[in-house]
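Open the model in your viewer and keep the selection panel at hand. The stops below go from one chain to the other and back.

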Amino acid sequence: MQTSELSPSFPARLAEQLRDFLSGYGAVVFTVRPAVGALCFAATWAFPSAALGGMIAIAISALLSRSFVLPEEIRRAAFVNALLTGLALGAFQPVSWPGLVGLGLAAATTVWLTAALVPLFWRNGELPVLSLPFTLALWLWLPALPASLPAIGMLPRTEFAPGMMADFLTSLGWIFFSPHPWAGIMVFAALALASRWLAWLAASGFAAGYIVLALWAPGVEVPPLGFNFALAAMAVGGIYAAPGMGTFLLALFAAALAAPIGLTLSYWLRPIGLFPLSAPFVAATLIVLAGARMAARGINLSLAQPALPEQHAEAMRLEAARLGPRGCVPLSAPFLGEWQVYQGFDGEHTHRGPWRYGLDFFIVEDGRSFSGEGRALADYHAFGLPVLAPAAGEVMAVRDGIADNAPGEVNTRENWGNYILIRLPGGACALLAHLRQGSVTVAQGVWVKAGEVVAACGNSGRSPQPHLHLHVQDGRALGSPTRPFQLVNLLLREQGGVTDWRPAYLPAQGERVAPAHPEPALVQALALPAGRRLYFETRANGGPWSEWEAEVKITLAGQTRLTATSGASAAFVHTGAMLAFFDRSGPADPWLDLLLLAVGLTPMTNTRHWRDAPPARLFPARPAMRGWLWLTRPLGAFLDSTYRRTWHETSAAWRQSAIHLLASAPGWQTRLETIAVIMPEAGLVHATAKTGGRLWEIRLVAIGQSADEGIPAWKNAILSPNNIEKLINHTGENT
Amino acid sequence: MNKSKSKLYSLTDPKHWIAPTIRLHGGGLNKFGAARHHLTTEKIDGVPVAELVSRFGSPLFVISEKRLRENARRLKRAFATRWPQVINAWSYKTNYLGAVCNTLHQEGYWAEVVSAFEYEKARLLGVPGNRIIFNGPCKLRAALRQAAEEGARIHLDSLDELYLLEEVARELGKIVPVAMRLNFDTGYTDPWSRFGFNLETGQALDCARRIGASSHLRLAGLHTHLGTFVTDTRAYAAAVRILTAFMDTVEEQTGTVIEYLDLGGGFASKNAMQGVYLPPEQLVPSAEQYAEAVCDALMAGTREREARGLTRPTLILETGRAVVDDAVSLVASVVANKRLPDGRRGTVLDAGVNLMFTAFWYNHDVRPVRRPDGIAEETVLYGPMCMNIDVMRQSIQIPPLSVGDLLVFNPVGAYNNTQWLQFIEYRPNVAMVLENGKVEVVRVREDLAVVIGQERLPPSLSLPFPEERDANV
């Protein structure tokens, strides 16, 4: 009742529509920021007839999308393609009534082609349609004798020295059918505003295509083709793939490829009065992206979630820090307690060739894997210990009757010994091998869940001493080629006996690892159910307290996000083993940033140490530092964060402290310390950040829940501020 | 082999004439176990026993840090590789020498205490309150209050204790998590029914309901302790089955979620209990065998519960004897020999039941430091007390010993350094052979000042013979 869902006021709705309108312009250059869109919109006005045509086409597309209730993703793609159609017809077609009718029909065609092609492309390779509907529609509806471009637009005729620079800017203008250097400058400014990496890709992609064109077809007019080079480089190099060296080279290749495609299309289309338009960009991008889907390394595609290169870079870095290399199958440790890797990936004994991705585990104490004389299997530490299913899945095959070898002997005839083959959700199979004779407790066709005891460690097959073999293979045939995998939620024993928690890790030969186990009290304390409202008070440098609020929301796609009233938000997952935040978006909000640094990656397991690499933009750096980072780290900098957590009995709370290091330049480090206090009943109740004499504090004053249909909202003050004060000032023991 | 041969030759050395005898060259297994009178203990962790005695005197307790850590690790590993969440606790009463306790704490063991004194000692050693398990039938208000404040795991023994703790919790304004100690019949051991709440009579369930209804106590765990020197692993499996079934009942009836099951201690060490037929090598299960029995039963007993989405309960073990017993040896010297009227040899040592209290129940393995010449004959080992009961071994086959010969008793780590008596004699040095090969005294031998340190003489009793004072003046 309290949060009544009134329909927004008229000005608010108008502002929202304007934002959508401008975002649509920005979407042509792959970004949705309204400011970027505004620059693009301004660029279209170099030629007013084109700009008007564009707006008419948008209106038609909006009308059609709304009337026929087209899905959101088609609506967006249709907007972009209709806009381009309108711009092109407005520019190439004399203003007339038949022209207007033609524009309408062309816009409708664009919308329908988009609706037809988007699902088709997605099903066949998860590829985007890009501006293909626009090109096809224009080939159909462009008059047989198009008007030439008007000689004079709205912009002054500046004499740009002809050459690569002028060609580049004019090419950028061509993206919006405003082939004018000034329009190009505006588009470039829009790109730089959206993403400097994108602007760099546009420039370098153009250069690549330009060089090819200069070598293959000197004398061809560059700009009508040139924008294809820039767009192809942008799409491949940063929007549909995470930036990186391999990606960048492929981006240049896509740009270069657009040149001969453009030349060839021009050659074939010119006799029938058509232009290649953006077809070279579409063809080159699709070819490179579709091919890259087969690549195992060098390029990390993100076809389902196109984003700006900076966002990709951040996500990649977090993924690398938290989940390890891409494409690894995540498995949980198939044992309890601490085991040592006997043989790792590419091992010296048997983990070679197609079976290179395997892990062997055993237990070593004081350099020996057995106690007593080691003549009996039972002397071996690992023998007979429970073996757990490393993931949920269906048991495809089982063997249980092979005798365990005496120590030192091997059975090369049945080299896998007793085994269990489990089919994982992705289709690959996990193999547990060398199991103890008669120990397998599951049968073929049974569904197991991760962590279930399925057998005992044995010494069957090619196994000179009791150990457990684990690998992931492609098919269900025993001994199929293996695939890389890694173990998740692991405690790794470091030098000096300290155990470090790793969200995902591939242990090397000789390393000792143990699975981490959830601490129910922490899991409960850090639960963030949808609709939960957290009421905080904040203050900086001991100033007055002010209020700050955040709510847990679920997006349409099911992503949970902690969203502050300021609009700033961050996505998070609560897996039962860890709480992890990512994708901080929205306006600046130092308090959300503080929370993200203090508890950004919080394992809910029996662990004390761990590390993370959150983006440096969460760091409350001074403006000069921000400027320096902006200059030197176009793809964003990252912190080196070390976390440590202890339980304080006297205050009945966990104290999670972290040191975040920002290496701005070699030898120049800035340090931020955060401390989060987590209580079993209330969760995060207090957090501080301290750097260079500055101090930020945030404390919980109440927890609430938003209303749901039939369930009223509630809000409970959980602790008086004085109590929290006590909690923080208490210098209790470290436990 | 070579060594024993050279000794044999010495028998024929004309300078040391010994009456000719017929001796059996056997030594294999027989129904009484291995013949062991040829075994010696010359060194402890590489340090010659004779050197230890010359440095620290006799008698002397010697602790092996290496063995202690090995035992601790082996037990810990045996359970940690079979059950996801295990807490090993060190039973203080078994041996609360600070050096022993801290060695085990360094291996990750919590403290299990049964009195205010043990609690204080653990805190003094630096164990945080929330790593102390507080058992025992006699916990008074002050101790309960401290334990509740510091987050120790308090295991209730009686309803009166429950009421007292509830009052303390109310005063502290805290919800105190507690566990109940349970007693029941496993069918394999004699039930220790004086401790905790009886399960069969319904007392335990009543108590669980009472805690469930309390607004200051929360039932977090269930505790039992079967007894001591339990050599049948089936007893533990049965205890786990009973505990997990009771856990399900309690959870269903009170809505609480049990976080941990504490199986207490009682694992046997490789010591020979008097009156037991089999030798310890054959009788005493290994850490792995105990672990397998317990964890298999736990897996089976919690499978359904886990399917309902509850995490597996933490397993707590309060092992004492099995960890420390064979890590400690007692070195004693021969003081005198005599022939008893029944023809047996009697040997008097400088260490008796005042130091090795467990001699009343166990036939400790005893080995000379040097292999004595002569043939083994039945011998009684006496201590230095002027009491008839001061017998270290009632009967042992050993060649005649000379005055000054050293004997090493092992295992003596469990209960002797806590139950020993300052009776007639001072308590001797306790030395620890560290992993780095150095030897440190971890408890200094007592002297008169220590023994009379706590005494106070009323002024009227300050002199033994007051009438002589006047005479001297």
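Select chain B. It has 15 helices and 22 strands; helices (H or I, at least four residues) and strands (E, at least two) are DSSP runs, numbered from the N terminus. The model is predicted: local features need pLDDT of at least 70, side-chain atom pairs count only at pLDDT 80 or more, and totals for chains, interfaces and linings use all residues. Residues are numbered from 1 along each chain as its sequence is written, and chains are lettered from A and ligands numbered from 1 in the order in which they are written.

Stay on chain B. Along the principal axes, its C-alpha atoms fill a box of roughly 85 × 75 × 45 Å. Of its 473 residues, 46% are buried. A residue is buried if 20 or more other C-beta atoms lie within 10 Å of its own, exposed if 12 or fewer, and partly exposed in between, with C-beta atoms placed from the backbone. Among contacts in chain B between residues at least 6 apart in sequence, 69% join residues at least 24 apart. Two residues are in contact if their C-beta atoms, placed from the backbone, lie within 7 Å.

Next, pick strand E14 of chain B, residues 314-317. Both of its faces are covered. B:Thr314 and B:Ile316 are buried on one side, B:Leu315 and B:Leu317 on the other. Strand E6 of chain B (residues 86-91) pairs with E14(B) in the parallel sense over 3 bridges; pairing requires at least two DSSP bridges between two strands. Here B:Asn88 has B:Leu317 as its bridge partner. Strand E13 of chain B (residues 260-262) also runs parallel to E14(B), joined by 3 bridges. In that pair, B:Asp262 stands opposite B:Ile316.

Now for the cores. A nonpolar core is a set of buried Ala, Val, Leu, Ile, Met, Phe, Trp, Tyr and Cys residues joined through C-beta atoms within 7 Å. The largest one has 238 residues, and A:Ile420, B:Ile63 and B:Val294 touch the most other members. Helix H9 of chain B (residues 233-254) gives the most to this core, 10 residues. Zoom in on B:Val294. Leaving out residues up to four places away in sequence, B:Val294 touches B:Tyr236, B:Ala237, B:Val240 and B:Leu263.

Show both chains. At the interface, 16 residues of chain B are in contact with 16 residues of chain A. Helix H3 of chain B (residues 65-80) supplies the largest share of the chain B side, 3 residues.

Move to chain A and select helix H5, residues 97-123. How far apart are its end C-alpha atoms? They are 40 Å apart, which agrees with the 39 Å that 27 residues should span at 1.5 Å a residue; the expected span is 1.5 Å times one less than the number of residues. Look for a kink of about 25° at A:Leu117, shortly before A:Pro119. The bend is the angle between axes fitted to the seven residues ending there and the seven starting there. Buried residues of H5(A) include A:Leu103, A:Thr110 and A:Val118. Helices H3 (48-67), H4 (72-92) and H6 (132-141) of chain A are included in their cover. Just after H5(A), A:Gly125 takes a positive phi of about 105°.

Last stop: A:Gly246, in helix H11 of chain A (residues 245-269). A:Gly246 counts as partly exposed because it has 15 C-beta neighbours inside 10 Å.
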